Structure formats: structure tokens, C-alpha cells
Amino acid sequence: MEQTYAIEMLNITKRFPGIIANDNISLQLKKGEIHALLGENGAGKSTLMSVLFGLYQPEEGTIKKDGKEVKINNPNDANDLGIGMVHQHFKLVECFSVLDNIILGVEPNKAGFLQKSEARKKVMELSDRYNLQIDPDALIEDITVGMQQRTEILKMLYRDNEILIFDEPTAVLTPQEIKELMQIMRNLAAEGKSILFISHKLAEIMEVADRCSVLRKGKYVGTVETANTTMEELSALMVGRNVSFHVDKKESTPGKEILSIENMTVASKLHKNNAVRNVSLKVRAGEIVCIAGIDGNGQTEFVHGLTGLEPLAGGKITLCGEDITKATIRQRSLKGMSHIPEDRHKHGLVLDYTLEDNLVLQRYFEPEFTDKAGFLKRKNIREYAEKLIGEFDVRSGQGPSTIVRSMSGGNQQKAIIARELDKDPELLVAVQPTRGLDVGAIEFIHKQLIAQRDAGKAVLLVSLELDEVMDVPDRILVMYEGEIVGEFDPKKTTQEELGLYMSGAKRM
Amino acid sequence: MKKILKNSGVQSFLASLVCIILGMLIGYIVLLIIEPSGAGEAIVAVAKNFLGYSKKSMQMKYLGNTLTKTAPLLMCSLSIIFAYKVGLFNIGAAGQYVIGSCACLYGALVLHLSWIPCMLLAAVAGGIFGAVTGILKAYCNVNEVISGIMLNWIGLYFTNMVLVQAKDAASAYTYALKSGGKAAILPSLGLKSVFGKNQYVGIAIPLAILFALIVWVVLEKTKLGYELKATGFNKHAAKYCGMAEKRNIILSLVCSGILAGLAGSFMYQTDMEQWQVTIASVPAMGFNGIAAAFLGGLNPIGAIFSSFFIQHITDGGSHVDLNVYCAQISELISALIIYLCGFVGFMKYVMDSRLKKAEEKAMENSNTEASDKQVPDAETNEKGGNK
């Protein structure tokens with residue numbers, strides 16, 4: 001008997017000028033299954049989902065729902081067919097409550113007057129049924145990322161969507177929240193919802209998905225049952241070669257002290273308390289120190305205090321023997337501090353500038369790029385940009401003159417890393433440098449961090465990814481509620497032990 | 001052909017042209033509604049402006065008038081553009097223009113200074129007004145539009161109050177410079193004879209064009225422009241890489257204020273008009289600068305032409321036959337056209353999305369052809385895909 005699928009995309013081809021984003025791709029989603037869609041950045045996952053969502057029209061191919069061919073011209077059609085999506089960057093109105101966001105666009109009303117109590121009842125029912133804990137009256141801007149995501153999921157459920165697309169849902173979550181999400185996805189599938197799970201985190205796919213389809217460079221590579229495969233096989237399918245998961249590195253040989261922080265306290269912008277309390281730590285040349293912890297435990301404020309984006313409420317920072325507590329951002333940068341920021345779109349790049357202009361963002365004022373009269377030396381900037389693009393393999397449409405907004409996330413991050421490393425810093429502060437990147441790019445970035453260490457630089461890594469925390473650094477410091485609660489040797493600890501400290505169950 | 005159409009500069013130009021034509025059309029319709037018989041004649045008169053005179057010397061003379069008033073308008077639109085590139089909407093340009101006018105007239109009629117010091121006074125006054133807005137924005141996060149509008153009124157009444165010292169009790173107007181402050185009249189540089197003995201034409205015109213070039217060079221070629229635009233695009237990134245983003249905000253509004261202040265000098269130091277101390281509304285010059293800036297595609301060079309056009313239309317309005325239409329009609333028609341000029345951004349968006357759609361269609365067609373022919377095209381496409 002022929003299997004009926006919840007949704008089928010058959011032989012989809014979508015071309016853009018100069019590029020085939022999807023080349024004859026087929027994807028079949030069974031009812032009640034969790035189907036992972038795996039591929040590197042730029043493999044065509046987003047395009048395929050946009051086709052399914054009616055944002056793009058494919059040149060070739062058909063889409064079938066429950067075996068019947070359908071035409072999806074716009075997101076409203078998709079919604080009518082019961083297709084819902086949680087985007088990687090949430091589409092929520094910050095200053096609205098959770099409930100208002102859920103009913104946005106389908107508000108129940110009588111003669112134009114909102115009937116919120118009805119909506120509230122339905123939302124609370126759904127929330128109970130799928131164990132999605134929310135506070136319907138909290139404002140989006142006040143709640144955690146995890147709760148925002150649950151709001152997005154409830155949005156789909158409220159619209160009675162049957163096919164749920166999760167676009168890299170774990171990129172923004174803490175390990176605990178990821179666990180919760182996995183459970184939620186399993187519950188949803190058990191209730192008969194069909195889930196399409198876009199990710200490039202192999203461990204998660206192995207854990208939660210039933211089947212996995214792999215795309216590479218716009219082409220369909222194959223579909224495998226996760227029960228019959230391994231992570232190594234999946235990654236080989238994804239990148240077309242074998243990737244080592246383990247980070248190879250020599251023993252570290254720490255040298256002189258580069259960074260010393262004494263009793264740093266930073267006030268929080270969100271609430272009245274101090275987000276960072278009395279943190280003291282040292283980083284020496286030739287070692288990678290990692291600050292691990294669950295998102296929102298003061299890491300962001302700590303980094304802002306260290307790099308000068310926010311003033312300190314108390315404490316002292318010394319860089320290479322010099323007191324930089326009161327130094328400006330530019331002074332810190334000139335004294336040898338490089339900073340790979342947490343949010344590359346907000347802080348790291350001027351998205352509407354060209355690639356070359358972004359590559360000189362930390363150095364444009366140097367005599368090499370600006371003459372005495374204050375004119376930019378365009379020729380030097382171009383040459384410098386071409387050099388960095390070559391060295392760090394930053395790929396883009398039009399080379400140095402590409403507008404950065406049009407580049408893929410991985411290449412944007414590479415551009416930032418190229419810029420920050422080429423400054424030849426004494427101290428590299430890297431905050432979640434691999435966030436949202438694919439395996440290939442992560443491998444590249446880890447190698448760069450270790451190369452910095454081996455070149456005798458001090459590296460301070462702030463990470464939420466436990467794999468990264470275990471593999472890359474030479475020392476681990478765990479931050480919980482703004483305090484350092486433990487120090488570990490990655491060779492002598494386990495993820496479980498770290499988890500106890502990260503969640504506040506134990507402290508030294 | 002397609003390539004030309006996709007060029008952003010060409011698109012801006014075409015969008016501006018479409019807006020102008022639409023504005024004229026709507027103006028014509030309004031004239032038709034009021035009084036059909038004179039409508040055609042009237043709209044032609046508006047469009048022709050100085051060309052409506054038959055004698056060559058008269059044409060040149062009235063062209064001179066238009067150019068003389070174009071100079072301050074251009075300065076105002078440069079002021080808007082400069083702030084806009086840093087992400088600020090300097091609606092306070094109108095007030096900076098007023099306070100600039102005040103300063104130069106005070107210098108000329110009360111202090112009896114010569115033209116250069118008067119001009120500098122205007123620049124300083126405009127700069128101070130810009131600085132107030134900038135400091136409020138940078139340190140107290142006061143929206144520059146709100147503080148700009150408030151300062152417009154403060155500037156207006158302050159000017160009315162101060163310039164009472166520079167007029168006869170019987171008149172509402174300040175003294176003409178030629179009687180009260182001859183030294184402050186801007187030199188003509190011999191342009192007077194070129195433009196049919198029009199004594200108002202002078203150095204202000206080339207100076208304004210020079211300023212347009214300077215603004216362009218500063219924004220596009222210098223470190224300062226790089227910093228200012230980076231701050232405008234993403235102030236978080238500007239802060240992250242150590243640019244003094246607060247200083248940049250203040251600096252750009254000061255520069256913007258200086259440009260608008262000089263506009264006041266370029267207007268009143270020609271002695272073409274005198275300040276009316278009973279005036280109860282902020283002069284339109286600063287606001288027209290906004291229209292000129294957008295019509296010129298927010299490009300300093302484009303602003304030269306758009307400013308001239310807007311002044312051309314404004315002056316043209318005065319040629320409408322007042323036996324057929326009431327006196328306000330001239331202002332109404334030019335206002336309509338200027339209003340439509342504000343739609344350039346929208347027009348550009350419409351054109352761009354149309355073009356993209358057409359392109360996608362063409363792609364589809366060529367692809368079906370290509371798949372008939374198969375191999376070669378598909379291969380080139382693939383290479384592009386792997387880049």
C-alpha cells in the first residue's frame with residue numbers, strides 16, 4: 001500500500017539569477033514524524049522552506065498535501081493548509097503580551113471588539129495539553145528566549161496547524177531549554193502533528209528526529225533513518241567529506257599574565273540588581289579560558305564590562321599590566337583587545353556597508369587607511385580586504401564590494417573573525433563565536449582560536465555550547481547568576497558535572 | 001538597458017522625474033476644477049517661469065532671481081542630507097535657517113559688519129542651534145524631530161524680537177541692506193551683468209554649489225564620512241568599534257546647523273528680501289529643503305538640480321494669471337508639486353520591485369528555453385551556484 005504523506009515536495013527547482021538554490025529536491029514528510037532537514041549554510045534549506053511557505057514560487061516541481069496537489073501562492077495559503085513555522089529569529093511584537101502575540105492576525109472578535117477571554121481559554125488549554133508553560137500576560141520583552149519560543153509554538157497550535165516547521169530552533173536555547181524543546185517536539189509528534197526540523201546540529205537530529213534529509217549546495221543528497229546511521233555518516237553526507245568532531249590541540253604552555261580582573265561588578269540594564277557580582281579571574285598568554293554557563297547568567301554584561309561597552313559599577317581590569325578600568329573602547333582595542341561580539345548583526349557589522357568597509361572597521365583610522373587630511377585610502381582598503389578575504393576564505397557575491405547584509409551568516413562571522421584576528425591582539429574575547437554556524441565553519445573557527453593560543457595569545461571564550469566548552473578551552477570557569485561558581489580542567493570533568501554548577505545546584 | 005535601469009542613481013533620477021510629472025498633473029487637475037478656461041495657460045506659466053518672458057535679458061534677469069533663491073534652498077537641503085546620512089531627521093533646519101538669518105541681519109544692520117563676518121555669524125548661530133538638538137539627542141535621547149520643531153518656534157520669535165532693533169517703527173520689515181548695511185551685501189563677482197543687471201545675483205550661488213561638492217566629498221571620501229555613515233547605519237556597531245557615537249551625533253547636527261544657518265545668510269545678505277518681524281510662521285525655506293533633499297535622491301549633487309527645480313516651480317507660481325485665479329493659487333500649485341516630490345523614495349521602491357518581478361519572469365522564460373536546449377546554460381548556472 002502506498003504511504004500517504006502529510007506534505008510532499010516533489011522535484012522542486014528554484015533558480016535565482018546566477019544561482020540554482022534548489023536543484024530538483026524532493027522531501028516527503030510522513031504524518032506524525034519528526035523529519036530533520038540537514039545542510040550547511042547556503043545549502044538551500046531556507047529557500048526550500050520559503051517555497052513551502054509560499055514566499056517563493058518554484059520554477060519546477062509540485063507540492064502535495066495528503067496526496068493531493070496544492071498551489072501555495074503566499075503565506076496565507078500555507079496557513080490555510082495548516083503549515084506553520086517558527087522562524088530562527090522570532091516574529092514577535094516585543095511590547096505585546098504573550099497572549100496578544102498568539103492571537104495576532106486571527107483575533108477573535110465580535111463586531112470588531114476583541115473577545116480575549118475565549119482566546120485565553122483556548123491558549124491555556126493548548127498550553128496544558130502540550131506542556132508548554134507560558135505566562136499569557138507577560139510582555140515578550142520581559143520573558144526568556146525559551147518562553148518566546150514556546151509562544152511561537154503556541155501561535156502555530158492556536159491556528160490548528162498540522163505541519164510544524166522549526167527553523168534552527170535550538171540556536172538560541174540553553175542546554176536545559178533544548179532538552180525541554182525536544183520533549184515538546186516528541187509530544188507534538190505523538191499527538192499526530194508532523195514536524196520538519198531544520199538544523200545543523202547532528203546530536204540533536206540523532207536524538208529527536210525519525211528521519212533526516214540532507215541537502216548540499218542546493219542538491220538533494222538523500223534521506224536516512226536516524227536509527228540506522230551515525231553522526232559521522234550524517235556529517236559526511238552534509239559537507240561531502242569527513243569532519244573531525246574532536247578538536248586536535250597540543251598541551252597549552254601558559255606564559256605571562258595578560259588579563260586580570262579583580263572584583264568586577266556590572267549593573268544590569270534589565271533589572272535593578274547587579275548582573276555581574278565580584279568576578280575575579282586571570283587569563284595568561286597561550287591559554288584558552290572558557291566562561292561557561294546558561295544564557296542570561298551575566299555573561300553578556302560581563303563581556304560588555306570587559307570590552308568597555310558598559311561602565312563598571314566596581315572592580316579593576318588590567319590588560320598587559322596596564323589599568324584599563326576607565327579606558328574607552330578604542331583605547332582597549334589599541335592596547336590589544338579584540339572582541340568577537342555575541343550579536344554579529346547588532347554589534348559586529350554595519351550590514352549596509354560593503355565587506356571591505358566592514359573589514360577595516362577597527363583600523364580605518366590608521367595611517368595605512370586614512371591620510372593626514374582625513375581622506376580614506378580606498379586603494380589600500382581594497383588591497384587589505386582582498387588579502388583578508390583570501391586568507392580567511394570569506395565567500396561573497398561581489399568580493400570586497402558586496403553589501404554584507406546579502407552574505408550568509410557563516411561568511412559574515414568569518415569576516416568578523418578575519419578582522420579581529422588580523423589586529424594581532426594580545427587578548428581575544430570571543431563570545432559564542434560559532435553560534436548558528438554549520439559544522440564546517442565551526443571547525444574552522446575552533447582551529448583559529450587554537451592557532452591564536454599556540455601563537456602565545458590569551459583567549460577568553462564565552463560559550464553556551466557544552467561540546468565547545470569541553471573541547472576547546474584549557475580551563476573552564478562556570479558563571480551562575482553573575483558569579484564564578486567553579487573552575488574546572490576540561491580533561492578531568494564531565495558535561496554532567498558542569499551542568500550541576502551551571503544550574504546552581506552546586507558551587508565551590 | 002536593464003543594467004542602466006538597475007543602477008540606483010538612474011532609478012533615483014527616473015523616480016524624481018515621475019514625481020515631478022505626477023505633481024504637475026495633479027496641479028493641472030486642481031486648476032481645471034477651479035476654473036477650466038485658464039488651466040492650461042496657468043500650468044504652462046508655472047512650468048515656464050522665467051522662460052515666459054520673451055526678451056532674452058528679461059529671461060536672464062528672472063533666471064537670476066530663481067538662482068538667487070536656489071542657493072539658500074540648496075543649503076537647506078544639504079543640511080537635511082548631511083544629518084540624514086547619520087540617521088537623523090533634521091527638521092530643525094527651518095529654525096537653524098531662521099536663526100542664521102537673524103544673526104547675519106543683526107550683524108549687518110545693528111553691528112554694521114561686512115559680509116564675511118555676517119556670514120560667519122549666521123554659520124555659528126545655525127551651528128549652536130544644531131548643537132542644542134544634538135546634545136539633547138546624544139545625552140538625553142530626546143527625539144531630534146521634537147526638539148527641532150520646538151527650536152523652530154523659539155528661533156522664530158527670538159528673531160522677531162531681536163530684529164525689531166533693525167527697523168523703522170512704521171514698517172514691519174527690517175531695513176534694506178543697501179540703506180542700513182551696505183558692507184554686508186554679498187559681492188556680485190560680476191555675475192550681475194551676466195544676469196540682465198540683476199543686482200541680487202552674486203557669490204552665494206557658486207558658494208552653495210561648492211558646499212554641495214564639499215558635503216559629497218566629506219560623506220563619500222573621508223574618514224569622518226565613514227564614521228558618520230556607520231553611526232547612521234548601525235550605532236551599536238559604531239560604538240562597538242570605538243567610534244565616539246555621541247560625538248558623531250552632535251557633530252553631524254552641528255554641521256547640519258551650520259549649513260542651514262548659512263542658508264539664512266545666502267538669502268538675506270543678497271538684500272533681495274527683508275525680514276518681516278510680525279511673521280507668525282516659520283519660513284518654508286527649511287521645509288522645502290526636505291523636499292529638495294528627497295527629490296535629489298538624498299545625494300548632494302542631485303540636490304543642486306532638485307533645489308533649482310523646486311525654486312523654479314515656486315517662482316513660476318507667481319506667473320499665474322491672477323485675474324482668473326485667486327492669489328493663493330500660485331502657492332497651492334507649487335506646494336502640490338513639492339509635496340509629490342516627497343514620494344521619490346516610494347516611487348523608487350515601486351520601480352525596483354517591478355523591475356525585479358520582470359526579471360524573475362524573464363528568468364523563468366529563459367530557463368524553460370534553457371531546459372529545452374539543456375546543457376550549456378545549466379552549466380553556467382551551476383558555476384554561479386557554487387561560488
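1. Is Glu322(A) buried, partly exposed or exposed? Glu322(A) comes out as partly exposed, because its relative accessibility is 40%; the cut-offs, with a 1.4 Å probe and protein chains only, are under 20% for buried and over 50% for exposed, with partly exposed in between.

2. Some housekeeping. This is a predicted model, where local features need pLDDT of at least 70 and side-chain atom pairs count only at pLDDT 80 or more, while totals for chains, interfaces and linings use all residues. Residues are numbered from 1 along each chain as its sequence is written, chains are lettered from A and ligands numbered from 1 in the order in which they are written, and side-chain values use heavy atoms, with hydrogens and water left out.

3. Back to Glu322(A): its side chain meets that of Lys335(A) in a salt bridge at 3.8 Å, N to O (a side-chain nitrogen of Lys or Arg within 4 Å of a carboxyl oxygen of Asp or Glu). Glu322(A) lies in strand 17 and Lys335(A) in the loop between helix 10 and strand 18 of chain A, so the pair ties together parts 13 residues apart in sequence. Helices (H or I, at least four residues) and strands (E, at least two) are DSSP runs, numbered from the N terminus. Lys335(A) is partly exposed too, at 30%.

4. Arg475(A) and Glu287(A) also form a salt bridge, with the closest N and O atoms 2.9 Å apart. Arg475(A) sits in strand 21 and Glu287(A) in the loop between strands 14 and 15 of chain A, so this pair ties together parts 188 residues apart in sequence. Both Arg475(A) and Glu287(A) are buried.

5. Asp422(A) pairs with Lys387(A) in a salt bridge at 3.9 Å. Asp422(A) is in helix 14 and Lys387(A) in helix 13 of chain A, 35 residues apart. There's a salt-bridge network here as well: Arg363(A), Glu366(A), Glu368(A), Lys387(A) and Asp422(A) are linked.

6. Now the interface. 28 residues of chain B are in contact (heavy atoms within 4.5 Å) with 36 residues of chain A. The buried area is about 3,000 Å², with carbon and sulfur atoms giving 59%; that is accessible area (1.4 Å probe) lost on putting the two parts together, summed over both. Lys223(B), Tyr226(B) and Tyr240(B) supply 27% of what chain B buries against chain A, more than any other three residues.
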